[in-house]
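Visitor: I would like a short tour of this model. Please take me through it step by step.

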Amino acid sequence: QGLCEALSSPPDPTSPAQDPDWYDTGSHSYGLSLSIFLDLEIRFGFSAVSEWVKRVAETPGVITNARLCVAAKEVFGEEIAPRLAAVEKAWAEKILEECVNRLK
């Protein structure tokens with residue numbers, strides 16, 4: 001099972017993703033954010049997405065969409081800012097944090 005594919009199923013009960021807002025059924029932002037991660041994993045593979053997640057996580061400071069975009073350009077050679085602009089800022093960041101937790 002791929003890193004991002006695993007996020008489409010409910011996370012581990014001990015995961016930080018158990019925040020009540022993690023699965024916001026009133027919004028499509030989670031699904032849109034997840035689709036970005038899944039698309040990257042399908043096109044570039046598990047190793048590339050793992051490298052992307054690690055680069056973002058290893059950069060000091062708070063995880064932001066800007067950091068996601070810079071690392072995506074470095075790892076995948078493409079700009080993801082337009083796609084991230086379509087979703088609520090916090091969702092992509094939360095998904096990345098969950099990816100980091102799953103890579104530990």
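**From one residue to the whole chain**

Guide: We start with Arg43, which lies in helix H1. Keep in mind that this is a predicted model.

Visitor: Does Arg43 count as buried, partly exposed or exposed?

Guide: Buried means under 20% relative accessible area, and exposed means over 50%. Arg43 has 41% relative accessibility, so Arg43 counts as partly exposed.

Visitor: Which residues does Arg43 touch, not counting residues up to four places away in sequence?

Guide: Contact means heavy atoms within 4.5 Å. With residues up to four places away in sequence not counted, Arg43 touches Glu78 and Arg83.

Visitor: How far apart in space are Arg43 and Phe76?

Guide: In sequence, Arg43 and Phe76 are 33 residues apart. In space, C-alpha to C-alpha, the value is 9.5 Å.

Visitor: Is Leu40 buried or exposed?

Guide: Leu40 has its place in helix H1. The cut-off for buried is under 20% relative accessible area. Leu40 has 0% relative accessibility, so Leu40 counts as buried.

Visitor: Which residues is Leu40 in contact with, leaving aside neighbours within four places in sequence?

Guide: Leu40 and Ala72 are 32 residues apart in sequence and 9.3 Å apart in space, C-alpha to C-alpha. Leaving aside neighbours within four places in sequence, the contacts of Leu40 are Gly45, Val49, Trp52, Phe76, Glu78 and Ile80.

Visitor: Which residues touch the most other members of the largest nonpolar core?

Guide: The largest nonpolar core has 23 residues. Helices H1, H2, H3 and H5 each supply at least two residues of this core. Trp52 touches residues including Phe37, Leu40, Leu68 and Ile80, not counting residues up to four places away in sequence. The residues that touch the most other members are Trp52, Leu84 and Leu96.

Visitor: How are H2 and H3 set to each other?

Guide: Two packed helices are described by the angle between their axes and the distance between the axes. The axes of H2 (residues 46–58) and H3 (residues 65–76) come within 9 Å and cross at roughly 140°. The crossing is right-handed. H2 and H3 are therefore oblique to each other.

Visitor: How many nonpolar, polar and charged residues has the contact of H2 with H3?

Guide: From H2, residues including Ala48, Trp52 and Arg55 meet residues of H3, among them Leu68, Ala71 and Glu74. By class, the contact has 10 nonpolar, no polar and 4 charged residues.

Visitor: How many helices and strands has the chain?

Guide: From the N terminus on, the elements run α-α-α-α-α. The chain has 5 helices and 0 strands.

Visitor: What share of the residues of the chain count as buried?

Guide: Of the contacts in the chain with a separation of 6 or more, 70% come from residues 24 or more positions apart. The chain has 104 residues, and the share that count as buried is 42%.

Key:
Residues numbered from 1 in each chain as written. Predicted model: local features only at pLDDT ≥ 70, side-chain atom pairs only at ≥ 80, totals over all residues. Heavy atoms only, no water. Axes fitted to C-alpha atoms, helices over the stretch in contact; angles between N-to-C directions. Helix = DSSP H or I, 4+ residues; strand = E, 2+ residues; numbered from the N terminus. Parallel < 35°, antiparallel > 145°, perpendicular 65-115°, else oblique. Left-handed = near helix turned anticlockwise from the far one by under 90°. Nonpolar A, V, L, I, M, F, W, Y, C, P; charged D, E, K, R; others polar. Core = buried A, V, L, I, M, F, W, Y, C linked by side-chain atoms within 4.5 Å. Buried < 20%, exposed > 50% of the residue type's maximum accessible area, 1.4 Å probe, protein only.
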